[in-house]
Each structure stands twice: as C-alpha cells, then as structure tokens.
Amino acid sequence: INHDQLYELLKYAALGNCHNATQPSHLAGVVVIVLHETSQLHFYKFYLQFKHLRKVFRHRFTLSSSTNFLASLYGEGANLKPQNTAQGLNSTSSECVPKSSKLQCDPILQKYGEKKRGLTSYTLTLEEQEKNDYPIKGSPGCKGYIYTECDQQRTDSSPLFGLDCEMCLTEKGNEVTRVSLVDAQGQCLLNELVKPESTVVNYRTRFSGITKKMLLPVKTRLPDIQNRLKKMLPHDAVLVGHSLNADLQALEMIHPSVIDTSLLFARNEGRRFKLKFLAKAVLGKEIQCEQKLGHDPAEDARAALELAQFFIEQGPAKVAELNLEMLLTTEKLAEVSQNKAVLQPRQRRVQKQLNEPPRLSKPCFLDCLQMTGQKPLLLGRQELDSSGLCQSNLSTSNKQILQRALEDVPLSTFSIIQFSLGPEYVASHLLAGLCEKVRSKLTDMLTIYAGPFEKSFCLKSVKKEFGRCGPIQSLKVVTETYQPYVCIQYEVLEAAQLAVESLNGAEVAGSCIKVQRPVTAAMLDCDVLIKELELDVENEGVIYVAGLKKSLTEADLQEEFSQLQDLETLFLPKDLQSGKCRNCCFLKFQKSQSAVDALEVINGWTVKGSKLRSRNALASGHLWRWIWQMNHSNEKQGGNILCEKMEQPSDSEQDLRKEVKKLDHHIKKLYRSLQDNTLCVVLFPGVNSFHSSQFFGWFSWVFVF
C-alpha cells in the first residue's frame, strides 16, 4: 500500500467516498493510533510482547519509506495545544458538529429536501427552462425549431436518455458537428458526425475533437439528425445532459422534459460544477482526459446520464454527504500546491537557505475535516511539524493519554491518539543494538546444523536432500567438530522449520543425523515464537509447499493443485535479482480447514517426479520480503556456532520490553472500548533519529482492523 492509498482510505472513512458511493452509514468512526518513534524493528524484536496487536488487527501494510504520511495527516506546523493543563494533556476539543447541522445549509438539501424522490421531481419546470435559456415551444427565439412531439405524461418510470453534442464555430455561430445519444443502460444509440450548413471558422479541435479532415466525407446534415432523434425518442422520454440547453439550441430542437445535471447538483450563487469534476467525484470516472483529442460526446452523455441516475437512486441526502464543495476546494488546493511545488532553481535555493519545509502536494487531512465542520480529537504529548512528531510535554504519561482517550474517543467521529516509548528508548546506540539482535535472531532461525556425517560423506547428496525443504541461501561444512557437520542457511523460515521437523533423526548421506538450530540465549524461545508465527492471523489458511522442480511454471502448478478444495491464491516466489522461480510456493485457501486437509494430501505427493513436502506458513508477505532483503543486503558470514554468545539483554532493553508490553495493553484497552463498526488504524511511523538500518528506520507500519 502507498501513502496516497492510506490517505484516501481514511478520507473515505471519515468524509465519505467520492467515487460512486457515500460514507458507509454503518461506520461509527475512525481512530488512528500512532506509536511515536516505533518501527518494524520494534515489532519484530518484541513480536511476542505485541500479543494483542498481532492477534486482533488482521491486515498489515508497509508504506513507502520516501513519503511522510504523518505530515499529510496533520499538516505543516500543526500543534497539539494543551486542553487540560492540570493533566498536561495535549488535545483538541472532542466536540463534533452534528451531521444534520453540517448539511442543513447544503444547497442540494435546500432545493430538494432530504427525502428520495422519483425522476419527475428533478425535471426542469417550464419556468426553470425559460430562466436557463432552454428552447421553449412558441417562444419567438425558437422559430423554425423542431419539436420532438414527446407529449405523453411523464412518470417516475419514464425512460432516461443521455444527450450530448459537439459544436464548431461557423459563420452562423455554434453549429452541431457531432451528436451522441445513449439509453438508460448506457448503450450508444446514436454517435453521428454532422456537416454544418455554414463555413467553419474554428473547429475547436481541442474541445470538440473535430477536424476538417473528419468532416470532408460527411453527408449527414442537421435535418437528418433532427428526424432521427424525433423517431428514436419515445413519447415519454426524458433527456439528460450537462447544460443541455446549449445542445438543444445547437440542434434547434425543443423537448419538454429534461434533467440538467449542471443544475441538479446545485451550488450557491448560481455557480455550476463541471461535468469532468462531477464524473470523478461522484462516479469515480475520468472523462475528458487531456491525452484524448477533444471530448467524446458519447462519454459525456453517458456520464451525465449516470450522474442523474445516481442522484435519483441515492437521494439528495446521500448526495449532500459527498461534500462536493469541499472536494472541489481540496482539488483546487492540491492543484495550487502542485503548481507552487514546481519552483525555479533560485527559489529552491532561497527556500533551502531559509530552512523552509517542503510544500505538501495536497491539503492536510485535518483541514479537510475542518472544512466539513468536523472537529477531530487529537491526543498526545508531542508537537507536530512538517517532518513528523517531536517531543513536547514529557510529563504526560501514556496512561493519562489512554484515560483521556477512553472518555473522549466515543464523542468524536475521527480521533488520532499518540502513544510514545519515551526519548530514553530511541537513542541511536540502543536502536543499533536492537537492530543487530533482530537480524542475528532471524539469521539463526533461518539456519540449521545437520550431522554428524562420515568424513567422506557426499556433500552433493546432503545439499539435494535439504534443498527439497526450500531454497538454500548458503551451505558450508563445519570442520571444528570431531565429525563434520553441515551449516545450512535457508531463504525462508518455513524451509528451515521443515528441515528440523522432517530430517531430524533421518538417514542422509549414509548417516543418521540430528538437525537443530543454533543454541543461543536469544534462541531459547524459538519454539514459542515459531508457534506464534504459525498462529498469526496473516498465515491463516496459508500453507508452504517445497520440493518443486524449478522448471515448473505458475500455470503448471495451478493445474496440479486445481483439485484442492477452496484454493484461492498460489504464490510462486522468484529471485528478485535473477527473476528465476524458487523451488517452493505458498497456497492460500478460503477456509482454514481446507488448508489443513490440503497438508495431508500434499505431503508425499509427487509432481512430475518431484516429491513434495509441506507445512503451515510462518512468515507473511511483509516478513518474507524483509528476510530476503536481510539475506541479500547484509549477509551474515557463517552464523552463530553453538552457544557462541550468551549475551544478556541490557537493563534498557529489559525496560523497553516492559514498555512495549504496556503499549500493547493500552491498545487492547482502547480497542475494546470502541463502538462496533469503528475503523481502527495503528501506525508505526518509523524512527527519525536512527538511520543506520535500511530495513527499519523509515518504514511505516500499519495495522488495520
């Protein structure tokens, strides 16, 4: 997931989705929990301590390290000002403007009310048509215009038709050069080029898409189109268009029943939304793209029709909840910010000299909330600036923040709660030590020792047998012992665990061997950690399969495993450098029991001469990628020899472990207090003060329930 996708997810939850849907009525609120100065490093190091977090929050994502999500969430230069100085808490008011108060001034509700109505409630009255320059039957300015003769009484079941025209400027004025008509299902019934009567002065190709060459062979004239439209439209037809008066004037036609989407989506002071904006904001569709030569009238007609259908089906209240004015303002602010970001070299130098923060490419998320009348709850003990968070009121404890959150979060529709480990736990030397310990432990978990072997054993046979458990990163013979052993480091945790489970006590290369992981103080809880990884919610219904021939393609495996019940996804890992497939794969099933059944079937299964081995998955996608990076970017030479180090954790590390456990308890308590149907996001924004680890320092870690 990237920065923008998470931003849009939160905006959807808090403000309502602008893409063909309004805010879900069942959503009670949004709570974002920020664990200040924490990263993937802390999660992997204290995986067992984050007991509640990893068991309850089922969806995890890694954000791009190059973006500052917190800056776009809070905005530049924002401060959490103390609301209650006695407690030392930094927060904003948790008051929220009632939904009815926020929307009561919306021009759509003022015009139509809140109740859903049929389409006849949205057709323009004769007075509205006159006011907006529609051709009217009997009007002096419409002499010679063709009447569609659609005089049948309209009902809420009358058929809708989308109409749009493209015009060129001629000696006579605006003349039609293309006409499109679509029915209620979006099917194009008419899409015809029209030769104007007068000489073209300006083709307006940029907008119309019409060129001189296109019109040269055209024989169709305006009367032909008028007759065809008259025949095609049923007697109770309702025409839909965006500023449809211009199209009817150019067609020189009169139609009694119209819906004009530029007036339907009402604005104050006579202003109108553009069709392009409405299509994107309401329908989630991009039209009138700059890459295309001119507008497509069929596309525009269809967009106007779908907008009218959306309005009728959803009703004015739902449309008002889209907050179109706010979305338009947001879009314009984004454009302004983007334009300002394109600075001249001299301006950039001045900005750098003044130490000005870089401008955001979009408006602050909290600003968007404020624009809709919502007052978000902010609780924490930090000040906010453009680079993220910095320590502010250190006298406030996480426990105080939790107590305040338990009181105020239920009163707010959007809350940001910050917990901190404290400055003593983010010192570079402590983080560097933690980083090395995590790397070392993961390396040891990927490493197994096998033996003893006879002095003249066949190393090739050993490599072949252990290779059936999964891809091997490195293999070397240990000769410091009386009889030789082999040290094997795998690329995935499942392979190492499979080797321990299936080959310990087996006969390999003529010897009955023992298979074990390195024995260090950090590895004493390895079995507990393996069990917890296996039970991780992200590994639910996922199994690991090894022993595949590298020549097998994904299509081959899909065919081989097609008989397995409820198989949802097959993932075939590849070497990111060479692009070659590994000799293992992961299978995800729709049901956990189906994964259990598949394990019984697959173990011992032979695929094209290759005997398969399988077990439950241990490492989810994010951890698998991280391990791969660790192996290839910071390869450890040899691994730890048995009992090589019995290093005890420092007092600071032991204290940090306790703090992490408390954080997990706070998250648990806050989570349990939330109303049903609350979107809860936990952010690990990374550690700004620590740069030496390319794997942890700038990754943002997200848990979503």
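Guide: Start at S180, which stands opposite N191 in strand β8. This is a predicted model, where local features need pLDDT of at least 70, side-chain atom pairs count only at pLDDT 80 or more, and totals for chains, interfaces and linings use all residues. Residues are numbered from 1 along each chain as its sequence is written, and side-chain values use heavy atoms, with hydrogens and water left out.

Visitor: How many bridges do β7 and β8 share?
Guide: Five, in the antiparallel sense, with β8 covering residues 188–193. Strands here are DSSP E runs of at least two residues, helices are H or I runs of at least four, and both are numbered from the N terminus. Two strands pair if DSSP finds at least two bridges between them.

Visitor: Which residue takes a positive phi in that hairpin?
Guide: G186, near 85°, in a hairpin with five residues between the strands.

Visitor: And what about β6 and β7?
Guide: β6 (residues 160–170) pairs with β7 in the antiparallel sense over eight bridges. G162 has V182 of β7 as its bridge partner. Three residues lie between the strands of this hairpin, and G173 has a positive phi near 135°.

Visitor: Why is β7 largely enclosed?
Guide: Seven of its nine residues (174–182) are buried, so the rest of the structure largely encloses β7. Buried means under 20% relative accessible area, with a 1.4 Å probe and protein chains only.

Visitor: Switching topic. Which residues touch the most other members of the largest nonpolar core?
Guide: I33, L35 and I417, out of 48 residues. Helix α20 (residues 428–446) gives the most to this core, eight residues. Such a core is a set of buried Ala, Val, Leu, Ile, Met, Phe, Trp, Tyr and Cys residues joined through side-chain atoms within 4.5 Å.

Visitor: What is I417 in contact with?
Guide: Leaving aside neighbours within four places in sequence, its contacts include V31, I33, L377, I401 and L670. Contact means heavy atoms within 4.5 Å.

Visitor: Now holes. How many cavities of 30 Å³ or more turn up?
Guide: Three, from a search of the whole structure. A cavity is a set of points on a 1 Å grid over the protein atoms alone where a 1.4 Å probe fits but cannot get out; lining residues have an atom within 4 Å of a point.

Visitor: What lines the largest one?
Guide: D106, P107, I108, A266, F273, V319, A320, L324 and E325. α6 (107–112), α15 (316–320) and α16 (324–341) each supply at least two of the lining residues.

Key. Buried means under 20% relative accessible area, exposed over 50%, partly exposed in between (1.4 Å probe, protein chains only). On a 1 Å grid over the protein atoms alone, a cavity is a set of points where a 1.4 Å probe fits but cannot get out, and a pocket is an open set with protein on both sides within 12 Å along at least five of seven lines; lining residues have an atom within 4 Å of a point. Grid points are joined across faces, edges and corners, and a volume is the space filled by probe spheres set on the points.
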